[in-house]
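Open the model in your viewer and keep the selection panel at hand. The stops below go from one selection to the next.

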Amino acid sequence: MDIVAGSSRAVAAERRPIRHLDLMLLVIAGLLSAAGIALIYSANRSLAAIDLDPTVNVKKQIAGIAIGVVLLLLIVAFDYRFLKVYAGLFYGITLLGLILVQTPLGTNVNGAQRWFQFAGFQLSPAEFAKLSLIGLLAAMFSEIKHRDMELSDVIRGVAVAVPPMVFVFIQPDIGTSIVVAAILVGVLVVAGAKAKHLIAIGLTAVILAVGAFQLGVIKDYQVERLTAFFDSETDLAGANYNRDQAEIAIGAGGLTGRGYLSGTQTNLDFVPEQHTDFIFTVAGEEFGFVGSVGLLILFGILLWRAIRISSLSKDMFGTYVAAGIASMWVIQMFVNVGMVIGIMPITGIPLPFVSYGGSAILTNFIAVGLLLSIHMRRFTGSPR
């Protein structure tokens with residue numbers, strides 16, 4: 001073996017990280033985004049009947065994807081470890097955004113104060129807070145050297161996750177609060193937190209949730225959704241209507257679906273919020289079981305690539321960032337599809353890359369950019 005030549009090739013590879021681009025991850029993100037555009041158009045097609053533009057949300061989604069791709073390319077061009085240096089700054093900025101959105105600077109839509117209105121778009125700081133939390137947790141835990149994770153480390157992780165969780169909760173947005181909690185647990189598990197510490201966190205969360213119910217902190221419609229899920233006889237406010245219509249749409253699709261743009265539940269606008277939280281019903285009705293499973297397979301590949309990148313990373317910061325992103329996607333996918341098919345309460349979580357939403361699509365493309373950067377530079381990281 002020509003050791004000198006081999007060494008030269010290794011150095012050349014390190015200098016050209018683009019050679020290690022995870023093309024499959026990029027393709028899957030593109031396919032899911034394309035599917036989202038097609039499904040959003042179908043879900044909004046009924047707007048034409050009331051003289052509204054059925055493509056307005058499609059155009060906004062495409063604009064969001066275009067901006068997301070630009071951000072992805074910028075992140076890929078830089079070493080992902082820059083996030084570790086500025087993790088605290090990014091976290092502080094997003095936390096400030098979560099506070100300011102509760103002031104008159106924020107926009108209230110349907111009783112929820114979650115967005116900033118900007119140039120015709122709505123930006124939700126909660127979406128970006130998920131990534132900044134991942135960055136800060138990864139930066140903190142990657143500094144733990146040559147010892148097991150102690151209770152004090154777990155408490156520090158909980159301490160940085162609680163503020164965004166609380167501010168998102170009071171918007172109110174229980175769904176995103178659940179995602180933030182899942183990110184914390186996912187990174188803690190990969191970082192080696194002890195089972196007793198994780199159980200203690202879970203019990204504390206249950207106690208706080210019960211306390212929130214007793215103190216009336218949770219909104220009435222959120223309580224109705226939860227109670228209606230566990231007991232359909234208590235559905236006095238029609239909280240199960242969305243779920244029932246979603247299940248009808250899914251069931252109507254059968255094995256192969258009614259065909260694109262041919263779903264009656266979709267075209268007649270029976271399913272509320274179908275282009276956002278209930279977008280999966282469009283796939284179920286128009287492409288049937290085959291189309292739904294195909295979409296889930298794409299998500300399965302997406303998660304596999306994120307987990308693979310986490311395991312391949314040479315430094316713990318990259319490992320934890322990828323693990324946090326995988327945790328974020330898996331909980332969103334599980335809860336979104338679960339509430340559509342009736343095995344989870346309705347909590348308002350979008351389906352990554354597929355549901356309509358500018359902030360969400362930007363967050364997901366930034367996440368892909370970070371994963372690509374970790375994968376491309378896995379030979380240049382510091383040893384674990």
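**Second largest pocket**

Start at the second largest pocket, whose volume is about 560 Å³. A pocket here is an open set of points on a 1 Å grid over the protein atoms alone, with protein on both sides within 12 Å along at least five of seven lines; a cavity is a set of points where a 1.4 Å probe fits but cannot get out, and lining residues have an atom within 4 Å of a point. Points are joined across faces, edges and corners, and a volume is the space filled by probe spheres set on them. The model is predicted: local features need pLDDT of at least 70, side-chain atom pairs count only at pLDDT 80 or more, and totals for chains, interfaces and linings use all residues. Residues are numbered from 1 along each chain as its sequence is written, and side-chain values use heavy atoms, with hydrogens and water left out.

Select Phe90, Thr94, Phe128, Leu131 and Ile366, which lie nearest the centre of this pocket among its 18 lining residues. Helices H3 (56–77), H4 (82–85), H5 (87–100), H6 (125–141) and H15 (358–376) each supply at least two residues of the lining; helices are DSSP runs of H or I, at least four residues, numbered from the N terminus. What is the make-up of the lining? It has 14 nonpolar residues, four polar and no charged, where Ala, Val, Leu, Ile, Met, Phe, Trp, Tyr, Cys and Pro count as nonpolar, Asp, Glu, Lys and Arg as charged, and the others, Gly among them, as polar.

The structure holds two cavities of 30 Å³ or more.

Buried means under 20% relative accessible area, exposed over 50%, and partly exposed in between (1.4 Å probe, protein chains only).

Now select H14: 22 of its 25 residues are buried, so the helix is largely enclosed by the rest of the structure. Gly342, with a positive phi near 90°, follows H14.

**Backbone stops**

Phe353 sits in the loop between H14 and H15. Its phi is positive, about 70°, although Phe353 is not a glycine. Is Phe353 buried or exposed? At 1% relative accessibility, Phe353 is buried.

Leu261, in the loop between H11 (241–253) and H12 (264–267), also has a positive phi of about 70° without being a glycine. Leu261 is partly exposed, at 23% relative accessible area.

Finish at Pro172, in the loop between H7 (151–169) and H8 (174–191). The peptide bond from Gln171 to Pro172 is cis, with omega near 0°.
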